[in-house]
Amino acid sequence: MTQSPPRITKAVIPAAGLGTRFLPATKATPKEMLPVVDKPAIQYVVEEAVAAGLSDVLMVTGRNKRPLEDHFDRNYELESALTRKGDADRLAKVQESSDLATMHYVRQGDPRGLGHAVLCAAPHVGDQPFAVLLGDDLIDARDQLLSRMVEIQEHEGGSVIALMEVDPEQIHLYGCAAVETTAESDVVRVTGLVEKPEAAEAPSNLAVIGRYVLDPAVFGVLSTTEPGRGGEIQLTDALQQMAADESIGGPVHGVVFKGRRYDTGDRGDYLRAIVRLACEREDLGPDFKAWLRRYVTEEM
């Protein structure tokens, strides 16, 4: 009798970055806490993990990231004040973040790259497959990317990465995958990975975006991976080794994502994400879109 693969329940969210592109706003406020409409960006990411069935969340943090822990903790003084006022709606919003998932935290004492941040999660994850969600990438809740990746991993084993087609002149901003097609139109087999190649050297226009479902064998590879681009331990380099040798944790597949993604690590995309999500809100959208039309007409 074939043993079924272990069910994935753990998600790792690296959140130790300094957020230098958003200075001076991030001088004292973690970039993950910058609001996207009326929720911090990091809450959208945790909600995505929970929606995919991953209720055990480890956040890899650094110095000055205490507000992340506070946001997902109870605030009894605020809750008491809202209760006394009879403000049930705002009370529910405050309690929502603390009830989302079982949250854990570990510090990445020395910021040595994404690969090192993932390696910090090894004691918590153990020998089970797990997901990694980067806090700068917001995936629209209507697009079930992570759930699809979990499904592929549970069926195929190994690791699964999220890929998205980008303009060739933008590929130098991403990890890039060399791939082979499979019987499923949205799934490819990854045969190689290159971190931020120049357009002429890129094996495809498929960029790696911030969602991964990884076999725990990645920890062993990361522990011996030398610093790569930027002097950091790159997760892409470890996955390249695994893609080249399936005896290390099984195959690497990619899910080609064609849905809605917001890069909140980029100032322009961050503003666009706020506008798009605000326009789609029932409580804000009608008035906001009417104002936006008038503004664009008058200014343009």
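Buried, in this talk, means under 20% relative accessible area, exposed means over 50%, and partly exposed lies in between, with a 1.4 Å probe and protein chains only. Helices (H or I, at least four residues) and strands (E, at least two) are DSSP runs, numbered from the N terminus.

Good morning, colleagues. The structure before you is a predicted model, in which local features need pLDDT of at least 70 and side-chain atom pairs count only at pLDDT 80 or more, while totals for chains, interfaces and linings use all residues. Residues are numbered from 1 along each chain as its sequence is written, and side-chain values use heavy atoms, with hydrogens and water left out.

I begin with confidence. pLDDT is the predictor's confidence in each residue, from 0 to 100. For this protein the mean is 91, and 98% of residues reach 70 or more. Confidence is highest in strand β6 (residues 130-133), at a mean of 97, and lowest in strand β13 (residues 261-263), at 89.

Let us turn to helix α1. Which of its residues are buried? They are Ala 41, Ile 42, Gln 43, Tyr 44, Val 45, Val 46, Glu 47, Glu 48 and Ala 49. That makes nine of the eleven residues in α1, so the helix is largely enclosed by the rest of the structure. Just after α1, Gly 53 adopts a positive phi of about 90 degrees.

Next, the interior. A nonpolar core is a set of buried Ala, Val, Leu, Ile, Met, Phe, Trp, Tyr and Cys residues joined through side-chain atoms within 4.5 Å. The largest one holds 44 residues, and Ile 13, Val 46, Met 59, Leu 133, Leu 145 and Val 213 touch the most other members. Helix α1 (residues 41-51) contributes the most to this core, with six residues. Apart from it lies another core, of 32 residues, including Leu 206, Leu 239, Met 242 and Val 252.

Leu 133 deserves a separate word. Contact means heavy atoms within 4.5 Å. With neighbours within four places in sequence left aside, the contacts of Leu 133 include Ile 13, Val 45, Glu 48, Leu 146 and Arg 211.

On a 1 Å grid over the protein atoms alone, a cavity is a set of points where a 1.4 Å probe fits but cannot get out; a pocket is an open set with protein on both sides within 12 Å along at least five of seven lines, and lining residues have an atom within 4 Å of a point. Grid points are joined across faces, edges and corners, and a volume is the space filled by probe spheres set on the points.

Two or more lining residues come from each of α1, β7 (137-139) and α7 (145-156). The largest share, four residues, belongs to α1.

The largest cavity has about 50 Å³ of space. Its lining consists of Lys 31, Glu 32, Leu 34, Ala 41, Gly 135, Asp 136, Thr 264 and Tyr 270.

I close with two single residues. His 116, in helix α5 (residues 114-119), is buried, with a relative accessible area of 12%. Between His 116 and Leu 222 there are 106 residues in sequence and 7.3 Å in space, C-alpha to C-alpha. Leu 78, in helix α3 (residues 76-85), counts as partly exposed because its relative accessibility is 37%.
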